[in-house]
Amino acid sequence: MQVFCSTMWSVYFLAISLLATNTDALKRHKLPSHLSRRPIVGGSDAKILDFPYQVSLGRRYRGTHFCGGSIISMDWVLTAAHCVDGSDPDDLFVRVGTNLLNEGGVTHNVSKVVSHADFSKHLDLDCDMALLKVENPFEIGPMVKPIPLAKTPLKSSSIIVVSGWGTTEEAGDLANTLLKVEIPVVPHWECKWLYGANKISENMFCGGRAGKDSCQGDSGGPVVSNGILIGVVSWGEGCARPGYPGVYADVYKLRSWVLENSGV
């Protein structure tokens, strides 16, 4: 069955953000503009043993990291559709089993890319999910393991963990080692109020606080709560800006699409 997508913090923070929009476009990403997310801001070092589902997505002709992803089975990775939009599978690889940027672990070539049919980068990245099938199955071990998908709705009181090699500040350099950050979920109504109801669909959720966020280079990476994959890093205004939490694709809301297209 095809899945179709429908399209405070404090008032103080909002006031600051509204003032900033007069002088700056405020787009976090560089995909072309806001479509490419994000490194970890305000986080700390992470060990791949604690994040064995984390992958680095790279391009073969460059050999360097540009997005993250999550192992969800022996041969499938879940990432963001905006990361691989228009990409040829032959140009892509995933690196697993290492917390180092662009080195260590094991690389796997990608044989298939499946983006959500309702993904639209012109509608603020609704349904921002894609599946990557690797040519050879992952060798499961302590540093390479799939993560289960969310089966229940995310609670607004949850604390979530985001990981990746993204930049530690806007327009900064990628991190050399895997980073993590714990952030609170922002209530859905508040996220819609901050960004505008037409930009936040029911397939998204928000999380973060001033000084702690994902950033460029983290796109496609895992958002986890209690060992369960609940989101995919998607987009946001800048990185860790007051009044602008990160926006994530909701795994629970899009779970049926993932299952139907991967067989997980």
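This is a predicted model: local features need pLDDT of at least 70, side-chain atom pairs count only at pLDDT 80 or more; totals for chains, interfaces and linings use all residues.
Q: How many aromatic pairs does a search of the whole structure find?
A: The search finds four. Let us take one of them, Phe205 with Tyr248.

Q: Why is the pair of Phe205 and Tyr248 called tilted?
A: Look at the angle between the ring planes. Under 30 degrees counts as stacked, and over 60 as edge-to-face. Here the planes stand at 35 degrees, so the pair is tilted. The ring centres are 5.6 Å apart.

Q: Which parts does this pair tie together?
A: Find each residue's strand. Phe205 lies in strand E10, residues 204–207. Tyr248 lies in strand E13, residues 246–250. The pair therefore ties together parts that are 43 residues apart in sequence.

Q: Is Phe205 buried or exposed?
A: Buried means under 20% relative accessible area. Phe205 has 5%, so Phe205 is buried. Tyr248 has 0% and counts as buried too.

Q: What about the two faces of E10?
A: Start with the general idea. In a regular strand, side chains alternate between the two faces of the sheet. Now the case here. Met204 and Cys206 are on one side of E10, with Phe205 and Gly207 on the other. All four are buried, so both faces are covered.

Q: Which strands are joined to E10 by bridges?
A: Strand E9, residues 179–186, is joined to E10 by two bridges. E13 is joined to E10 by four. Both pairings run antiparallel. Follow Cys206 to see the partners. Cys206 is the bridge partner of Val186. In E13, the bridge partner of Cys206 is Val247.

Q: How many disulfides does the structure hold?
A: The structure holds two. One joins Cys191 to Cys206, with S to S at 1.7 Å. Cys191 lies in helix H3, residues 188–195, and Cys206 in strand E10, so the pair ties together parts 15 residues apart in sequence. Both cysteines are buried.

Q: What sits over the ring of Phe66?
A: The charged end of Arg59 does, 4.2 Å from the ring centre.

Definitions and conventions. Residues are numbered from 1 along each chain as its sequence is written. Side-chain values use heavy atoms; hydrogens and water are left out. Rings of Phe, Tyr and Trp (its six-membered ring) pair if their centres lie within 6.5 Å; planes under 30 degrees apart count as stacked, over 60 as edge-to-face and the rest as tilted. Buried means under 20% relative accessible area, exposed over 50%, partly exposed in between (1.4 Å probe, protein chains only). A charge sits over a ring if NZ of Lys or CZ of Arg is within 6 Å of the ring centre and within 35 degrees of the ring normal. Two strands pair if DSSP finds at least two bridges between them. A disulfide is a pair of cysteine sulfur atoms within 2.5 Å.
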